[in-house]
Amino acid sequence: MSKTRKLTLMAIFIALSFVGSLIKIPSPLGDIGFDSTAGFTAVLYLGYIPGSIVTMLGYLIITASAGFPLGILTAGVALEMFFVSIAYRYFYRINKFLGITMATILNGIIAPLIVLPVGGWGLYIGLLPSLTIASVLNLATSAIIYVALQKISKISLKSMT
């Protein structure tokens, strides 16, 4: 894949992150958005570093549009998203369900520990259900989209030869 094509796809996936953030599933624990789906798809489709950059920048754009509600923690969460997406791709390559499971644990249970210094255990426990559900939905959706992209790519490559 050429550098220009990869950069263009990265920009498209970052824009899709923002669009995904507008898709909400109402929940008693807070709305669940599909803001990470594009980033998680990008890490599978484009590779470790480009996809992780998409995941991180997508998060930063979404949180900027909300006024940086986590304040200084935003930078830490962005880095967490970068590394969670790397882990997702790593484990996904071993087994699809292992990738979704490990990334859900990292993104939905371990990553939220970052709020402890500012919100304590109450905030952390309060975030767990919605973040875990959102993680599963975003990761599963990204896996489905990735499989579709693989099929589309194979079809278009075969039609070119």
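This is a predicted model: local features need pLDDT of at least 70, side-chain atom pairs count only at pLDDT 80 or more; totals for chains, interfaces and linings use all residues.
**Ground rules.** Local features need pLDDT of at least 70, side-chain atom pairs count only at pLDDT 80 or more, and totals for chains, interfaces and linings use all residues. Residues are numbered from 1 along each chain as its sequence is written, and side-chain values use heavy atoms, with hydrogens and water left out.

**Entry: α3.** I looked up helix α3, residues 48-65 (helices are DSSP runs of H or I, at least four residues, numbered from the N terminus). It has 18 residues and reaches 26 Å from first C-alpha to last, close to the expected 26 Å (1.5 Å times one less than the number of residues). I then listed its buried residues: P50, G51, S52, V54, T55, M56, G58, Y59, I62 and T63 (buried means under 20% relative accessible area, 1.4 Å probe, protein chains only). They pack against α1 (3-21), α2 (37-46) and α4. Just after α3, G67 takes a positive phi of about 85°.

**Entry: S21.** I found S21 in helix α1. S21 is buried, at a relative accessible area of 9%. Leaving out residues up to four places away in sequence, S21 touches F34, D35 and I62 (contact means heavy atoms within 4.5 Å).

**Entry: α4 and α5.** I checked α4 (73-94) against α5 (96-110): the angle is about 160° and the axes are 6 Å apart (axes are lines fitted to C-alpha atoms over the stretch in contact; angles run from 0 to 180 degrees between N-to-C directions). The two are therefore roughly antiparallel (angles over 145 degrees). On the α4 side, the contact includes M81, V84 and F91. On the α5 side, I noted L98, I100 and L106 among the contacting residues.

Key. Angles under 35 degrees count as roughly parallel, over 145 as roughly antiparallel, 65 to 115 as roughly perpendicular and the rest as oblique. Buried means under 20% relative accessible area, exposed over 50%, partly exposed in between (1.4 Å probe, protein chains only).
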